[in-house]
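Welcome! Please have a look at the structure below, and then let us walk through some of its features together.

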Amino acid sequence: MKRTLQLFTFLMLAFTFGVSAQTVTGTITDASDGMTMPGVNVVVQGTTVGVTTDFDGNYEIEMPEGSTILEFSFMGYATQSVDVAGKTNVNVSLVVDANSLDEVVVTAMGIERKARGLTYSTQKMEGSELTTVKDANMVNAMTGKSAGVVITKGGTVGGSSKIVIRGNKSIMGNNQPLYVIDGVPMNNANGEQAGTLYQAFDGGDAISNLNPDDIESMNILKGASAAALYGSQAANGVILITTKSGKNGKTVVDFSSTTTFEKVMSTPNIQGEYGQVDPGVSLSSWGPKSSTASNSHVDDFFRTGVNLINNVSLTSGDDKTQYFLSYANTNASGVTPENDLKKHNFNLRVSRKVSDKVKVDAGANYISQKINNRPYSGFYFNPILNTYMFPVGDDMNKYKEFEVYDKSRNMMVQNYPYTGAPGGYTQQNPYWITNRNQNENTRNRFIGRMSVKYDIVKGLNAQVRMTYDRTDDRYEQRLNATTVDVLATENGEYTVKNGMSSQLYTDFLLNYNTNFNEDIEFNATLGANYVESQNSSMYQSSQVDLYGSVLTSAGLHYANVFNTANMSGTFAKNESLTETRSQAVFATAQVGYKNTIFLDVTGRTEWSSTTGDPGKPFFYPSVGLTYVLTESVETTDFFSYAKLRGSYSDVGNALPFGVSSTNPPRIILPDGSIKLQDASAGKELVPERTKNFEIGADLRFFDSALNIELTYYNATSINQFFTVNGFSGVGTKLEYLNGGEINNSGIEIALGYNLATSSGFTWSPSINFSKNVNKVIELGDQVETGQVVISSLDQTKIYQLIVKEGGSFGDMYGYKFKRDASGNIVKDATTGSPMRTEDTEYIGNANPDMMIGFNNRFSYKNFTLSFLIDGRFGGEVVSMTEAMLDGNGLSQRTADARNSGSFTSGGTQFDPETYYKTSGGTNPIAEQYTYDATNIRLREMSLGYSLPTDNIKYISKVSFSVIARNLFFIYKDAPYDPDLSMSAGNGLQGLDAFNAPSTRTIGFGLNVSF
């Protein structure tokens, strides 16, 4: 009995001890990317009992008797309270509190500032937002995630994507933002962009060369005030990229693999009922009904694209040396046959604390990229044109064997009967184009950088940075014999171009940060920089001269031998070298009073060799003021934080090389003759300038769970750079001018909410809204016509892109139907065809009226779900594709009109063939092919699961995800994707001319950490 009582007593004590000393363990991760978080505070609510997570994000804590709530907190993240009653293992995902009052953000020149002290709008994007649903061009992963940022995607693998922040500001200059990597401007070595439907080639962009897995975060400086320290490069905003670096502690190896499959999402609605007028000869499908007519060749032509992106990185270091090493491999195949991309990214970054005062940071990137058979848009070398225009009465299967043996020439020649057919522009077998009109682009790029920082005394340090960024490009085009004669000579054609672009950047910064007393803080930077850029090219082509004339005496000696030694006659050749230099001194200072009022002032004086007088300085100032209202009024759980801000700046947009000279360079032509450059400066030119005013408010509610950012901006750009017809005595066809004024004004609203429950469920929705109004105030007295033509009818065949006083950048003009007083279309009494207006008229603007992005992220235990709905509202687009399909009787609408027996358009009855041949075709009435560009889509989606790794040796994290991009349209009016672009330049905006079709991407991802 005594022993029984002792055993009972022992068990009761053990039970009591277990209740009073419950042990809870778990792992804390970042909800945005699933990475473990060291240093997180874990505290028992209402007590002083607490621990911090170790390097792997793990914790273990004993709960005092009667306590059941744990609080998890980390600077910059929303605090979470979790009920752990009866639990022994609790894993928590912390959500970034983007509105942390003491958050430090990276600003211009890499200078760190308190978020509460910023006097302008910025928007931060974590690196995980670029890698959750990966794209071969990381710019596309930014779409819909930042207010005021318009991203227009190129349609092919290796294609360019265009970014415009707060509207177009320059008529003929650059409208894209400056990219800055770790405080240093990137060499923006972009390729050539299409300006006409003939040879509409996309040469690619520079930003897509980077590996998104190397990026820690992006900070978008939208307004000129935020970017003012960059002077003549600041007018279009700045995208600051902070790359990953080594960390002190345990060595971590991260591996990620993404595989996606890409399918064509939409193609034109081509009829399959009516055959050809002249089978085997004519492209026209205005013939009789045919039982053999089929439109299946369109779907048969496109393939499933496959994108494979693998990345491995190593992060390690101790208290003195930290390093980050990564390698990424991208293999992407487009939906167009033979269109492939292979890219290798190598990155090394090392930071070392040499002494208590000296820190050195160095890094190197090497990129090797090869793109095969990048398709063209428009009329030349475009297999999509020839696929869509193929007469449905014929059978494409007969021509999939795209070449046949020609005994007379003893070689393989093109197998296609329609190469000389009218009404279709350079018709060729689409499979011949992809296999025998190939092009190849290779790029090798090196970026080397180093910075040395010296702490002079407390609060004062000096920093020197140097970056060398060099890109070497090679382009080859090989056109086999029997390519249509407008593109190649009898033996074929060969073109090769080698280009080099380099930038050497050096700067010196003197930084001072101090508190004069408990109320006043002061931060200042004084600096200077020097930039030297070089661009060289060597071009040889056996047919087409750079200056627009076809050299009929050129060609190849021997058919299909693609070598410069085989070029015959006076073939085109050109070699060029350009060098530019700029120097600047700059300063910025911020004074803060009681952490409540912040005054920010910057100034930059710049000298540039691209101006008429390289010794002439240009000054770019900015000033801003911030007032943190909640430091003066009492906060509540409902009203947590309020900041008011305003700023003004005056920045520039640099002149391109060679335009400021009043003595234009001479050009040696292939035949030895000399000509002047087509344009020259009639007088000294200066950089464009943008004067920007911005006000806004940052508000937080419900204990900072809900955040709202409101911004209004007004930016006026003057000294516009453009060309006009040369005046008498100038000696050139065109003259470069400064003149004109464009205004952009608008509003931006960003809302975010962080919901975290005790059960571990989190929801982080965010909404971005923006609206920009662009107005051309004036063009100057020297523009006698009051307008500047960006894209002409000769270049587009359907519309003009014209900048007019009183209009907006992106205004499109085309022919409309001639109508009577009742609004009915007027019919020509003789031909029975619809009549058009005497001249082109306004048909719309290519830019959206407003944009909305709705991003959501959910997490529960080991599951995460995120999706983005993206909408663009307003604006118009124009389709040359639809016009030509109508003209040839290939569209379904032409079949419907024939089937109806009676066809009426615009209140007037017409014969369908007469109507569509007149309103469509190669000289269309643009009004009929202008569409509302409004579209709403499910832009991206990801569903992920993190596998528990407690019992897996050497592995700290494993996660799987199913990902998708461009899943479906919720609403769309246009018969194609209106967000796709033919060019990243200023021309051809809003135009579809047999562009690559929109695609849907679905795949999966794997992430493993060791």
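**Cavities**

The second largest cavity is lined by 18 residues, and Tyr120, Leu229, Thr588, Asp600 and Thr602 are the ones nearest its centre. A cavity here is a set of points, on a 1 Å grid over the protein atoms alone, where a 1.4 Å probe fits but cannot get out, and lining residues have an atom within 4 Å of a point. This is a predicted model, in which local features need pLDDT of at least 70 and side-chain atom pairs count only at pLDDT 80 or more, while totals for chains, interfaces and linings use all residues. Residues are numbered from 1 along each chain as its sequence is written, and side-chain values use heavy atoms, leaving out hydrogens and water.

*The second largest cavity*

- Helix H3 (224–227), strand E31 (597–608) and strand E32 (618–628) are the elements that give two or more residues to the lining of the second largest cavity; helices (H or I, at least four residues) and strands (E, at least two) are DSSP runs, numbered from the N terminus.
- Its volume is about 170 Å³, where a volume is the space filled by probe spheres set on the grid points, which are joined across faces, edges and corners.
- The lining of the second largest cavity has eight nonpolar, eight polar and two charged residues; Ala, Val, Leu, Ile, Met, Phe, Trp, Tyr, Cys and Pro count as nonpolar, Asp, Glu, Lys and Arg as charged, and the others, Gly among them, as polar.

*The largest cavity*

- By class, the lining of the largest cavity has seven nonpolar, 18 polar and 10 charged residues.

**A four-stranded sheet**

- Strands in the order E3-E2-E5-E6 form an open sheet with antiparallel pairing; two strands pair if DSSP finds at least two bridges between them.
- Strand E3 (50–52) and strand E6 (80–83) are at the edges and have a single partner strand each, so one side of each has no neighbour in the sheet.
- Strands E2 (residues 41–44) and E5 (residues 69–73) run antiparallel and are joined by four bridges, and Asn41 stands opposite Ser73 in E5.

**A look at Ile708**

- Is Ile708 buried or exposed? Ile708 counts as buried because its relative accessibility is 16%; buried means under 20% relative accessible area, exposed over 50%, and partly exposed in between (1.4 Å probe, protein chains only).
- Ile708 belongs to strand E38 (residues 706–718).

Technical notes:
On a 1 Å grid over the protein atoms alone, a cavity is a set of points where a 1.4 Å probe fits but cannot get out, and a pocket is an open set with protein on both sides within 12 Å along at least five of seven lines; lining residues have an atom within 4 Å of a point.
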